[in-house]
Amino acid sequence: LPRVMGIGTIYAHTLGPSRSQWEPLDVHAHRVAELARSFTAEFSAGDWGELLGRWHDLGKASDKFQAYLNETCDPDAAEAARGPDHSTFGARHAVDSVPNIAGQLLAFCIAGHHAGLADATPVEDASARATLGYKLNPAQYAIEPVTLPPGASEPIQLRFPFATPSAAD
């Protein structure tokens with residue numbers, strides 16, 4: 001992943017007061033991708049699980065999230081809030097990178113990996129801001145930009161794990 005804010009490493013988690021104890025984002029994404037692949041392979045969806053693991057925390061590469069991690073380790077700082085939204089970026093990336101309904105399904109999982117699954121669209125106007133449709137629309141919901149590594153924006157084709165194989169497969 002790219003460098004952010006002049007720090008050499010982009011981090012996913014603070015695992016102690018020293019940066020040497022922090023978990024780099026690329027290491028975290030790799031570990032989660034391997035674990036998610038192993039879980040989802042049980043129902044022939046290993047590729048899906050791996051993508052979810054790789055993309056679930058992409059938003060942590062933003063300047064705002066990295067600043068939040070630095071602040072939470074400052075012993076003089078007040079108790080940290082929950083932190084900036086880091087899941088919406090990965091959800092949007094899934095929709096942009098994986099065509100059709102598959103991208104939407106990945107986006108639901110990524111957007112809900114801390115908050116739970118959202119409704120797709122609002123039942124009433126008052127509930128609109130809690131929906132995935134709202135968060136996926138850049139005109140309605142602003143998020144911090146993240147520079148993706150080379151090749152991360154290539155469109156991806158996924159096979160539905162429960163589909164009956166065709167004669168061509």
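Reader: How many aromatic pairs does the structure hold?

Author: The structure holds 3 of them, a pair being rings of Phe, Tyr or Trp (its six-membered ring) with centres within 6.5 Å. This is a predicted model, where local features need pLDDT of at least 70, side-chain atom pairs count only at pLDDT 80 or more, and totals for chains, interfaces and linings use all residues. Residues are numbered from 1 along each chain as its sequence is written, and side-chain values use heavy atoms, without hydrogens and water.

Reader: Ok, F65 and Y68: why is that pair tilted?

Author: Their planes stand at 55 degrees, so the pair is tilted, with ring centres 5.3 Å apart. Planes under 30 degrees apart would be stacked and over 60 edge-to-face.

Reader: And how many residues apart are they in helix α3?

Author: F65 and Y68 are 3 residues apart in α3 (residues 63-72), which means about one helical turn between them. Helices here are DSSP runs of H or I, at least four residues, numbered from the N terminus.

Reader: New topic. At what angle do α4 and α5 cross?

Author: Roughly 170 degrees for α4 (residues 87-97) and α5 (residues 100-111), and their axes come within 8 Å. That makes α4 roughly antiparallel to α5, the label for angles over 145 degrees. Axes are lines fitted to C-alpha atoms over the stretch in contact, with angles from 0 to 180 degrees between N-to-C directions.

Reader: Which residues in α4 meet α5?

Author: S87, G90, A91, A94 and V95, against G103, Q104, L106, A107, I110 and A111 in α5, with contact meaning heavy atoms within 4.5 Å.

Definitions and conventions
Helices (H or I, at least four residues) and strands (E, at least two) are DSSP runs, numbered from the N terminus. Angles under 35 degrees count as roughly parallel, over 145 as roughly antiparallel, 65 to 115 as roughly perpendicular and the rest as oblique.
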